[in-house]
Amino acid sequence: VAAKLVSRDDPQGRELLSSFSDRLIAAGQVEASSKLTNGDFRMRPSGHGFDWRVTTPPGGAFRWEPARLRFWLASSTPDACSLLDQWVMFAPGRYRLRFQYRTEGLAEPTGVRWTVSREGVEEAAGPALGRAAGGDHNGDWIFDVKKRGVSQLQLVYVRVPGTVHIDGRVEFTSVGLEIL
């Protein structure tokens, strides 16, 4: 049924499928997977189901182009905010998140990092991304998951103490997840 709804150009069917997926995720009725949805950002993030949810940073901006997400952070951006997240059904184990990114104009360290949260509690946090100007750079974060269940993989901005807000941007061309 899901394949039929998605294959037809039926906005009402897609909305029904998105709503159903959101309910399954909320109820924890999903299977473990080490795959991310739309990891190459070729499709505009829908904000539903297992697709990415984008949050425009307060005082900043967001822009999607096929195969690229851009976030602008401003001196008025709060000290902490969420930028991007996706629901993932994890099994216990060790995972590697690989991503391609670049930055421009941000402080060092940037304060942009990946986290995994369950029911609003942060269970794993990667280091702040380093500056990466002049082309896409490869990033890598290895983390452990202790319990099976639905978690949020999030990209967040948390100003590093001792740094000042600087206008700048971070952009991503791909994000992938694998179990080790």
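Student: What makes β5 and strand β10 (residues 168-179) a pair?
Tutor: Two strands pair if DSSP finds at least two bridges between them. Ten bridges join β5 to β10, and the two run antiparallel. Within β10, Glu171 is the bridge partner of Arg102. Strands here are DSSP runs of E, at least two residues long, numbered from the N terminus. The model is predicted, so local features need pLDDT of at least 70 and side-chain atom pairs 80 or more, while totals for chains, interfaces and linings use all residues. Residues are numbered from 1 along each chain as its sequence is written, and side-chain values use heavy atoms, with hydrogens and water left out.

Student: Which bridges tie strand β5 (residues 93-104) to strand β8 (residues 137-145)?
Tutor: Nine bridges, in the antiparallel sense. Arg94 stands opposite Asp144 in β8.

Student: Why are β1 (53-54) and β7 (121-125) said to stand at the edges?
Tutor: The open sheet has five strands in the order β1-β4-β9-β6-β7, with antiparallel pairing. β1 and β7 each have a single partner strand, so one side of each is left without a neighbour in the sheet. For β1, two bridges link to strand β4 (residues 80-90). There Val54 stands opposite Leu84.

Student: Why is the pair of Trp114 and Phe172 called edge-to-face?
Tutor: Rings of Phe, Tyr and Trp (its six-membered ring) pair if their centres lie within 6.5 Å; planes under 30 degrees apart count as stacked, over 60 as edge-to-face and the rest as tilted. The search of the whole structure finds twelve aromatic pairs. Here the centres are 5.7 Å apart and the planes stand at 75°, so Trp114 and Phe172 are edge-to-face. Trp114 lies in strand β6 (residues 112-118) and Phe172 in strand β10, 58 residues apart. Both Trp114 and Phe172 are buried (under 20% relative accessible area, 1.4 Å probe, protein chains only).

Student: And what makes Trp141 and Phe143 stacked?
Tutor: Their centres are 4.3 Å apart and their planes at 25°, so the pair is stacked. Trp141 and Phe143 are buried.

Student: How do you know that there is a cavity?
Tutor: A cavity is a set of points on a 1 Å grid over the protein atoms alone where a 1.4 Å probe fits but cannot get out. The search finds one of 30 Å³ or more. The largest cavity has a volume of about 80 Å³, the space filled by probe spheres set on the points. Of its 16 lining residues (an atom within 4 Å of a point), the closest to the centre are Leu106, Thr110, Tyr157, His165 and Ile166.

Terms used
On a 1 Å grid over the protein atoms alone, a cavity is a set of points where a 1.4 Å probe fits but cannot get out, and a pocket is an open set with protein on both sides within 12 Å along at least five of seven lines; lining residues have an atom within 4 Å of a point. Helices (H or I, at least four residues) and strands (E, at least two) are DSSP runs, numbered from the N terminus. Buried means under 20% relative accessible area, exposed over 50%, partly exposed in between (1.4 Å probe, protein chains only).
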